[in-house]
Amino acid sequence: MELHKLIKEKREKIGLTQEDVAYRLNVTRQAVQNWENDKRSIPNSLLSQYFKLLRFDAKEILSVFGFIGSNELKVKAIDYSKQGLEIFKRTEGETVLTKFPTLYLGVGKKRDKYTQKNHQLAYVGEASSIIRRTNEYLNTGNDKLNAIKSDSDNKQEQLYIIGHSKFNKSATLELEQMFMDSLLGDNKFIKIYNGRNNGLSTDFYERNAYREGIFPEIWEQLRQQNVVSSLEEVHNSALFANSPFKALSPKQQEAKELIADKIAETLLVGNQNEVIKIQGLAGSGKTVLMSQLFYDIWKEPYEVIEVDGKTMHESSVVLLVRHEQQRRTYEQIAKKLNMGKDTVMDVSTFITKGVKADVVLVDEAHLLWSGNYGRINKNKWQPDLIALHKLAKTLVLIYDPQQLVSARAKIDDNPALLEIVNGQNTLTVNLDEQWRIDANAETLEWIESLAHFNENSLVTPPRDDSYDIKFFDDASEFKNAIENKNQQVGLSRLVATYDWSYSQGSKPKNGDDYWNVDFGSEVLPWNLELPAVQKLQDKQIPWQEIEQSINEVGSDFTVQGIDLNYVGVILGPSIFWNKQTNSLDIDPDKSLDHQKIRRSKDGYNTEENKKYLRNVVNVLLTRGVHGLYVYAVDDELRNKLTVLNL
């Protein structure tokens, strides 16, 4: 069926009007009418969003672009050997696998000697002639496919050759990049041997067909052969969310090139202690940009002029994170990409070692400590930022002042820290696109206004078919809703403001087994309390990916910087309805997060503490990719919220 007919048919089938579509795509109703009457072409930039809105599946997308016919997608597995290639040449003949550019995936198996569990090793590539390319590999012996074979059990490797009559160089490069991205997030694979990052951001003809149709079809065929996990599992992985192989937006690419040029210039002219700051709201793609910078600098180091101005060396790079859950993710990425030890470190470990690095990247730098909270020798102690500044030739910070959630990270009263973060010599790169929350512009604005406690922000959320916002009056119904979403799409969790007692390493004095969060009729343990969760945390698995963590309540400690499909936010007793401003408000005296806020002679209720605790709420409310569910403990606030439901 022609595209203009199909979009009308699917729109009517799911009960949308032309006005509904226009509203969701931020275009005029006349534009939608022109597309449905085949008077105008749909802009490439809107196709992906359009397909998602009308619930196109992969086969429908392939059909629209003419990718389904006599020469459909073909996937063939051969033994990676000279004999396997000879059999392929003899039996395949003239087909899409031999006449057109192809994608290929080398897969080896390796059994863990301790757990006896089978894992896989992978390399993905593309070739204009698969026979010539594979012959070159087999004859050379010094390449990634041969490395997989050498590392695999029984020295055996399968080569999956993937072809289609519409494959071209741009398409196979795009698919190769998408494979690297997804293989990194697939827990069937323990090592990815790819060395380069295509870093694709340029559009090309029918790109959406390859991204939205061809790639899922290839992946599904491989899943049916038990080579890969489902795309749903992959997309719920923290490694996928933070992969350095993401295709960057034009603005992200521009920012990356600006930062890369600044780093190269700094190291070549022998400058010391330069600072670059990446700033943007939650979900604006800062971490993906940092991850790609990290991998690219590690893979292709810069030339560094020594102090003497004559000799040179290749740049060293280290990525630091004080946030434990995020550090675990980076450590897994580094391990899977074989980046070696000590490329990812905790901030305090790096400072204690005291070894200088040419490029120091710091994610979540707004969490760096400005005080001596680690009980380090006071004669040696320095604020984190100052210590890191001295140890880095170039210091790259991700810094979001609206995610500064603790007095421990306060910089306002320290001129030296302010100079590093906001000084005239600091290059600031701003990211303002929203990439986490899959919602229309009005919904994004509504969430931002609510999360920042803006005046008159407690109003009914906008209509949005792609983002689900609900307020609950019943705690059990709220909890069940998140559990149901977790069963349906995965990666859905409960989180709460820090308004209930918790003490790490001890048990409650009332005899309870765990430190609990009680809301309405429900009682659940705080995060990292359940033994099953603790056991898997010891294996470096992020909290949100542990199956049993659905039975706990997360905090900003566990979810800052991460994505959830659906987030269920429990607003504790400290959060109430300010009737004068018609917004959320906070009473710091009711917060129990006393490590983050400071007591004055009159208690905790100060403007400074309110700022930190508001930022915690901002972190919690902006975790959900597809939905936000809220339950408020305060009766007045809960009643106010529930009347806002659409």
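## Salt bridges in the model

A salt bridge is counted here when a side-chain nitrogen of Lys or Arg lies within 4 Å of a carboxyl oxygen of Asp or Glu, and by this rule the count comes to 31 salt bridges. The structure is a predicted model, in which local features need pLDDT of at least 70 and side-chain atom pairs count only at pLDDT 80 or more, while totals for chains, interfaces and linings use all residues. Residues are numbered from 1 along each chain as its sequence is written, and side-chain values use heavy atoms, with hydrogens and water left out.

One of these pairs is R327 with D346, whose closest N and O atoms are 4.0 Å apart. R327 belongs to helix α16 (residues 324-336) and D346 to the loop between β10 (344-345) and α17 (347-353), so the pair ties together parts that are 19 residues apart in sequence. The names of such elements follow DSSP runs, numbered from the N terminus, with helices being H or I runs of at least four residues and strands being E runs of at least two. Both R327 and D346 are buried, where buried means under 20% relative accessible area, exposed means over 50%, and partly exposed is in between (1.4 Å probe, protein chains only).

## Two further pairs and a network

The side chains of K353 and D342 also meet in a salt bridge, at 3.2 Å from N to O. Because K353 lies in helix α17 and D342 in the loop between α16 and β10, this pair ties together parts that are 11 residues apart in sequence. K353 counts as partly exposed at 45% relative accessibility, and D342 counts as partly exposed at 46%.

Another salt bridge is formed by R638 and D473, with the closest N and O atoms 3.3 Å apart. Here R638 sits in helix α25 (residues 635-642) and D473 in the loop between β14 (468-472) and α21 (475-489), so the pair ties together parts that are 165 residues apart in sequence. R638 is buried, with a relative accessible area of 11%, whereas D473 counts as partly exposed at 47% relative accessibility. Salt bridges that share partners also join R11, E12 and E36 into one network.

## Patches on the surface

Patches are made of residues with over 30% relative accessible area and no salt bridge, with like charges joined within 9 Å and nonpolar side chains (Val, Leu, Ile, Met, Phe, Trp, Tyr) joined within 5 Å. The accessible areas come from the Shrake-Rupley method with a 1.4 Å probe, and for residues only the protein chains shown count as cover. For charges, Lys and Arg count as positive and Asp and Glu as negative, while His and the chain ends are not counted; the place of a charge is taken as NZ of Lys, CZ of Arg, CG of Asp or CD of Glu.

A negative surface patch is formed by E254, E257, D261 and E265. Of its members, E254 is placed in helix α14 (residues 250-268) and counts as exposed at 57% relative accessibility. A nonpolar surface patch of about 270 Å² is made by L268, V269 and M312. M312 has its place in strand β8 (residues 312-314) and is partly exposed, with a relative accessible area of 42%.

T443 is in helix α20 (residues 441-451) and is buried, with a relative accessible area of 0%.

F557 is in helix α23 (residues 556-559) and counts as partly exposed at 39% relative accessibility. Leaving out residues up to four places away in sequence, F557 touches H323, E324, Q325 and L528. The C-alpha atoms of F557 and H323 are separated by 7.4 Å, although these residues are 234 residues apart along the chain.

## Positive phi in two loops

D38, a residue other than glycine, has a positive phi near 60 degrees. D38 lies in the loop between α3 (29-36) and α4 (44-53), and at 48% relative accessibility D38 counts as partly exposed.

N154 likewise is not a glycine, yet has a positive phi of about 60 degrees. N154 is found in the loop between α9 (144-151) and β4 (157-163) and is exposed, with a relative accessible area of 67%.

Note on methods. Contact means heavy atoms within 4.5 Å.
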